[in-house]
Amino acid sequence: MIKTPFPKRQPPRFYTPLAMMHFLALILMLGGMRVSAQQGLFESLYILKMTALVRHPVERTSGEYVIGVVGSPDISAQLDRLLTGKKVGEQAIKVRLFDEIAGLTSCHIIFLPDQYSKKLMRVLDAVRGKPVLIITKGVGMAREGSHISILASGEKKFEINKKAAESVGLRLHDDLLRLSTLVEGGTQ
Amino acid sequence: MNHWYSPTSLINTGVVSVTIVVFAFLVAQALCVNATSLQASPLHLPIVENRVQDSSTNQQIRAFQTKPTRKQILAMKFEDLSALSLEELTALSTIVGVSSVDELLKLLVSTASKSNETVNDAPGIVSVITAREIELFGAQTLADVLNYVVAVQLYSSSSFQSNFTLRGDLIRRNE
């Protein structure tokens, strides 16, 4: 009998269940991505609806309607894909990504994703006194000075700092206030 | 000769271990998603106008007055959803519910501090029972709900009253 230098080896018996687990894991990951995408979709929809429910001063009702996203290219790209082409009155919506705080005063709305919430104070300082609606995510952000915070759960889906918004000349529609918890706080 | 401690075996064992851990995490996450997606008899959730794109014409929007399922909502397109009011959208997002462990930790609770805070921040041991879970339990009374809470044990002494113990202590009579 000739002894070959590289005998054919049988694959271990756990290879088949291992492959099945990889396959199932892939399916589960794809399912999770779909749900995450849909929830990002709801945030985009909320922002779109808020463009109609928040009134800016007259001097900001011409030109482009700029929605600024701080920090997150992914969220900016998604908002850009979903909202570009829509209009607020006669103003075409334009989504811009801001890596730095400079230039934020040109925005009508600034969206601060939750992973960048630590930048809120710097954003507030940059747009202090300007009619720029600041939207954040998470509990307590409106108490710290943002105008609207989108909540992940609860009966009310938004926290609104009405006093801070009105102090910079923004007017919030009753339909928005009715769906929100009103809070106070911040240094606007 | 293939010893158990040979490099190939160790790599295989490592791959299997990592795969099992990742798989278990994904299954747990999927169960979390699916638990919130199950539909039971409606209790307090609002009935919203459900608009679904008609596949036959791919343009026409038909509306019907039922509570949409989570699957239907996840299948809806941006254009369909953007036609809804903010109130309807918030109702739909409630049905979509909690989708991950991360979001579960962001659930708001009101404890001794008498203000809304996340489960992580709350200064106490908190068991969260969502409206969705109460629906899934089919609970009709407080006792039905508490039966599902860990460390709470109920026993009835008559048809109209039930006693319960919390972490080993008999603390209250519920009549």
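Me: What pattern does chain B follow, read along the sequence?
Reply: Chain B reads α-β-β-α-α-α-α-β-β-α-α-β-β-β. Helices (H or I, at least four residues) and strands (E, at least two) are DSSP runs, numbered from the N terminus.

Me: Before we go on, what sort of model is this?
Reply: This is a predicted model, where local features need pLDDT of at least 70, side-chain atom pairs count only at pLDDT 80 or more, and totals for chains, interfaces and linings use all residues. Residues are numbered from 1 along each chain as its sequence is written, chains are lettered from A and ligands numbered from 1 in the order in which they are written, and side-chain values use heavy atoms, with hydrogens and water left out.

Me: How many helices and strands does chain B have?
Reply: Seven helices and seven strands.

Me: And how much of chain B is buried?
Reply: Buried residues are 35% of the 175 residues in chain B. Buried means under 20% relative accessible area, exposed over 50%, partly exposed in between (1.4 Å probe, protein chains only).

Me: Switching to chain A. Which residues of strand 5 are buried?
Reply: Strand 5 of chain A covers residues 109–112. Ile109(A) and Phe111(A) are buried on one side, Ile110(A) and Leu112(A) on the other. Both faces are covered.

Me: How many bridges join strand 5 of chain A to strand 2?
Reply: Three, and the two strands run parallel. Strand 2 of chain A is residues 65–70. Two strands pair if DSSP finds at least two bridges between them. Gly68(A) stands opposite Ile110(A).

Me: What about strand 6 of chain A?
Reply: Strand 6 (residues 133–137) is joined to strand 5 of chain A by four bridges, also running parallel. Leu133(A) is the bridge partner of Ile109(A).

Me: Which helix goes with strands 5 and 6 of chain A in a β-α-β unit?
Reply: Helix 3 of chain A, residues 120–126. The unit is right-handed: with the strands pointing away from the viewer, the path from the first strand over the helix to the second runs clockwise.

Me: New topic. Where is Ser149(A)?
Reply: In strand 7 of chain A, residues 148–150. Ser149(A) has a relative accessible area of 0%, so it counts as buried.

Me: What does the side chain of Ser149(A) make a polar contact with?
Reply: The side chain of Thr136(A), at 3.1 Å. A polar contact is a pair of N or O atoms within 3.5 Å; within protein, one must be able to donate a hydrogen and the other to accept it, and residues adjacent in sequence count only if both atoms are side-chain atoms. The backbone oxygen of Gly138(A) also lies 2.6 Å from a polar atom of the Ser149(A) side chain.
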